[in-house]
Amino acid sequence: TPAQIGVTGLAVMGRNLARNFARNGYAVALHNRTPARTRELVEEFGHEGTFAPTESAEDFVAALERPRRLVIMVKAGDPTDAVIREFAPLLEQGDVIIDGGNAHFADTRRRERELREQGIHFVGTGISGGEEGALHGPSIMPGGSAESYESLGPMLESIAAKAADGAPCVTHVGPDGAGHFVKMVHNGIEYADMQLIGEAYQLLRDVGGYPPDEIAGIFRAWNTGRLDSYLIEITAEVLSHVDSATGRPFVDVVADQAEQKGTGRWTVQLALELGVPVSGIAEAVFTRSLSGHTALRRASQDLDGPKPQALGPGEAATFADRVEQALYASKIVSYTQGFHEIAAGSAEYDWNVDLGAVAAIWRGGCIIRAAFLDRIRAAYDAQPDLPSLLADDEFAAEIAEAQDDWRAVLVTATEQGVPTPGFAAALAYYDALRAERLPAALTQGQRDYFGAHTYHRTDAEGTFHTLWAGDRTEVQS
Ligand code: NBP
């Protein structure tokens, strides 16, 4: 019997995705550039379902039922193009290529356009959840044509994670690059979430005076409330882990230089192009970058400033509660910014992305999965044209309640010299949006002064310029 789906690229992700399809009853054709990986998969996991291992591109394509559905799970970038060049000539009208790698959405748009001319559906698909997710149920963000989703949807729904209410964590995000765009922003939000959690940890450590295992306990307690999420859960696991070689807390023996693969940077680059303020995500990317500048950090060790003083035990508990408020309020802001970027991308590329549906498929399977996302889904479902998450009454009320503590935590962090760029950027965004007047008026005046860039007035229509070098009369241009 022909296979219902094929997977080419059988490293950790592809292998687990293939097993996930097989465990859900689909016959899966297998292919990898290096055939040894294909053989290994069948030897180790062949008993889990129906696999059709193949070694050549021709045999792989021949093993698939028509219209063919083949998943590419190779290293993103040139390898994806190489694989498309290899397979596309062997395919026919109506066949579907699914790229599950972490492609840049602009590449996905190009590939989709090129393959569409050949009558092939190209479905750029964001997949989140890492190795475990690929095997047990990832969050899946497919783009591409609506037609391709008709045949693909049910298969993806069966392998996807299920949210608490049982709904599969997959939806047709929108045409061409929409799926990979949304996956990119997912990763940007993930960077911001991790940064905010890192700041909370540092404050609890330096100002709260708690050791890592007690901070793990605090995160576990938070994880039973509104911050309930995968990232908070694994934070507690990492913080309570003890290094077996030294007996010291694991977090104290790991080099404090954060690395990145680039999706956070893409999120910020795109936001700059679209003109969307995603300051929280940008701070997260910059902070990882700063951490890696070892020479710069070494050269700065003697710069003057306060050394944090740990609070006494009574005050520390109150402080920890305040940090929870600051973390939660900052998290609302970073999701507000991330969803703004998705809305802007959707408008720019005519994708018509349903923001509530995006929040819904992030409730399970992916790295940022959290109880909180159900609230975001509800907010957008109630009001699909919500201009900002902060315009939702419930989120606005929660921030209003959290803000005294949020501000107090930032005052303490500033006084004690604990860097909190994520908390601070989130609060600055919030206050800037609330402000009746911004110094942007002064900026416009300066621009007009040095570059005759003109300005608008609050009290009249039109474009104006002041003759700064002359008698300073105003002219209308
Ligand atoms: P890798 O990203 O490490 O890629 C390894 C695979 O790419 C192997 O199958 C390899 O074949 C194949 N490959 C390469 Br490299 N160059 C090739 C070429 N020119 N032609 C054909 N095949 C080529 O694997 P991964 O970590 O499983 O990730 C796969 C994709 O999933 C990536 O795009 C990744 O960004 C994305 N992703 C990963 C995660 C994660 O948690 N790891 C999560 C979500 C998405 P070979 O065996 O012959 O060398």
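This report walks through the ligand surroundings, the annotated positions and a few backbone details of a predicted model.

## Around the ligand

Let's start with the ligand, which is surrounded by 19 residues. Met13, Asn32, Arg33, Thr34 and Arg37 are the closest of these. Sorted by class, the shell contains ten nonpolar residues, six polar ones and three charged ones. Two helices, helix 1 (12-23) and helix 4 (78-87), contribute at least two shell residues each.

For Val74, a backbone N or O atom is 3.0 Å from a ligand oxygen, and for Ala76 the corresponding distance is 3.3 Å. Leu10 has a polar backbone atom 3.4 Å from an oxygen atom of the ligand. On its own the ligand has 920 Å² of accessible area, and the protein covers 75% of that.

## Positions annotated as binding site

The unreviewed UniProt entry carries a "binding site" annotation for Asn102, Ser128, Gly129, Gly130, His186, Asn187, Tyr191, Lys261, Arg288, Arg447 and His453. These positions span 352 residues of sequence, and they are spread in space too, with C-alpha atoms up to 48.8 Å apart.

Two of the annotated residues make a handy pair to look at. Asn187 sits in helix 8 (residues 178-206). Its relative accessibility is 8%, under the 20% limit, so Asn187 counts as buried. Setting aside residues up to four places away in sequence, Asn187 touches Asn102 and Thr263; Asn102 is itself among the annotated positions.

Arg447 belongs to helix 20 (residues 440-451). With 31% relative accessibility, Arg447 counts as partly exposed, because that value falls between the 20% and 50% limits. Beyond its neighbours within four places in sequence, Arg447 is in contact with Ala452 and His453, and His453 also carries the annotation.

## Backbone details to check

The peptide bond leading from Arg66 to Pro67 is cis, with omega near -5°. Pro67 lies in the loop that links helix 3 (57-62) and strand 4 (69-72).

The other two are residues other than glycine with positive phi. Asp176 has phi near 30° and is found in the loop between helix 7 (146-159) and helix 8. Asp176 counts as buried, because its relative accessibility is 13%. Arg472, with phi of about 65°, is placed in the loop between strand 8 (464-466) and strand 9 (474-476). At 47% relative accessibility, Arg472 counts as partly exposed.

Key
Residues are numbered from 1 along each chain as its sequence is written. This is a predicted model: local features need pLDDT of at least 70, side-chain atom pairs count only at pLDDT 80 or more; totals for chains, interfaces and linings use all residues. Side-chain values use heavy atoms; hydrogens and water are left out. A residue is near a molecule or strand if one of its heavy atoms lies within 4 Å of it. A polar contact is a pair of N or O atoms within 3.5 Å; within protein, one must be able to donate a hydrogen and the other to accept it, and residues adjacent in sequence count only if both atoms are side-chain atoms. Accessible areas come from the Shrake-Rupley method with a 1.4 Å probe; for residues, only the protein chains shown count as cover. Helices (H or I, at least four residues) and strands (E, at least two) are DSSP runs, numbered from the N terminus. Ala, Val, Leu, Ile, Met, Phe, Trp, Tyr, Cys and Pro count as nonpolar, Asp, Glu, Lys and Arg as charged, and the others, Gly among them, as polar. UniProt positions are given in the numbering used here, feature names are shortened, and annotations may be inferred rather than shown by experiment. Buried means under 20% relative accessible area, exposed over 50%, partly exposed in between (1.4 Å probe, protein chains only). Contact means heavy atoms within 4.5 Å.
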